[in-house]
Amino acid sequence: MRLPPLVYLLGLVSFLMDVASEMVYPLLPLFLASLGAGAGTIGLVEGVAEATASLFKVVGGRISDRMGQRKPLLLLGYGLPALLRPILALALNPMHVLLYRFLDRLGKGLRTAPRDALLAEAVDRGALGRAYGLHRGLDTLGATVGPFLAFLLLPHVGVRGVFWLSAIPALLAVTALLWVREARVEKEVREAVDPPSPLRLAYLRTLPGAYRRFLLVSGIFALALSSNAFLLLRLKELGLPQEEVTLAYTGYNLLYALLSYPMGGLADRVGLRRVVALGFALYALVYLGFAWAQTAFWGVALLLLYALYSAAFEGASRAYLATLVPREAKATAIGLYHTVVGVLLLPASLLFGLLWQHLGPGIAFSTGAGLALLALGLFLTEAPLKKP
């Protein structure tokens, strides 16, 4: 079964936007420091940015379902970061950077749920794994290409020059979106199923029980999801030089991109639930490995195994989520899922950091593995591992 052109088009859009975003992101901490920002200000900028992205994912989904369209939110969500690059390139103080990061992540929040919903609506149920796998692969490939481009350009054009040039792939992404075509939901259908606000608990009662259970499982698993920065810190602690840590992380991103589509195909063949369960198990295995690892060799091997987890889980979990809710509520439910998981990432990283600081990395990684195994156990008790 061939994937429709819309899937490749949305993958191209995400690839281009991630190239643009990742050309900028690695340079921001040093750029902020050059503007006089201290560690606290840098933390504030990134905290506001990520909180904004998380909170607005459910908002974008809700608006998209109410409109019965996905494309307007995609144009707004991708267009904001592309058109507002001058705020960053011309920034004179940290507050200018904060304004840009807020608007950039606002765009990401608004576009994520409508985009995932549009992907789900573009393919048959039996091709969801490949569709999401292809999209995640192209997205991650962009995240690999972006920093490399910045590395090549930086000596020639400087930081602000890289910021200006990053607008080119961003504008190309928005241009590609103009080719998107979608089916509009009739007004009568939308009004007949208009649910309460997704920010109220009553909204959950309007959604299928399978969705609510998966949201609970995902919330528990989110508490196990510490920042990838801790994995890189662990590699350095195991004796890997800083330059090789960067190289290892590039290898992780590249392997993640290459494996995403094949893992999506596997999910379509054996069932989405099975590959989601495999993702939970791989995460627990990797974190247990990092808890016990004694050498840099095993640390790098575990990071590459982590790429397999990312390729298996990220696409399959999004595809599985899309099967749990009806079309008219799909974007809102997907947005709520991303918001809940995103909000929980902050306490998850704080917990992991405190455990590392006071009890050591072994306890921190073991706790993450334990939470992942708890999520896996609850997921397995929901229903037999059959398709999807």
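1. Arg 318 counts as buried, because its relative accessibility is 12% and the cut-off for buried is under 20%. The model is a predicted one, and this value is computed from it. In the chain, Arg 318 belongs to helix H15, which covers residues 296–322.

2. Which residues does Arg 318 touch, leaving aside those up to four places away in sequence? They are Arg 115, Asp 116, Tyr 132, Arg 136 and His 338. With Asp 116 there is also a polar contact: the two side chains are joined at 3.1 Å.

3. Tyr 211 and Arg 318 are 107 residues apart in sequence, and 12 Å lies between their C-alpha atoms.

4. A second topic is a pair of helices. Two packed helices are described by the angle between their axes and the distance between the axes. For helix H12 (residues 228–237) and helix H14 (residues 272–292), the angle is about 30° and the axes are 11 Å apart. H12 is therefore roughly parallel to H14, since angles under 35 degrees count as roughly parallel. The crossing of H12 past H14 is left-handed.

5. Which residues make the contact between H12 and H14? From H12 come Leu 231, Arg 234 and Leu 235, and from H14 come Tyr 287, Phe 290 and Ala 291. By class, the residues of this contact are five nonpolar and one charged, with no polar residue.

Note on methods. Residues numbered from 1 in each chain as written. Predicted model: local features only at pLDDT ≥ 70, side-chain atom pairs only at ≥ 80, totals over all residues. Heavy atoms only, no water. Helix = DSSP H or I, 4+ residues; strand = E, 2+ residues; numbered from the N terminus. Buried < 20%, exposed > 50% of the residue type's maximum accessible area, 1.4 Å probe, protein only. Contact = heavy atoms within 4.5 Å. Polar contact = N/O pair within 3.5 Å; in protein donor to acceptor, adjacent residues only side chain to side chain. Axes fitted to C-alpha atoms, helices over the stretch in contact; angles between N-to-C directions. Parallel < 35°, antiparallel > 145°, perpendicular 65-115°, else oblique. Left-handed = near helix turned anticlockwise from the far one by under 90°. Nonpolar A, V, L, I, M, F, W, Y, C, P; charged D, E, K, R; others polar.
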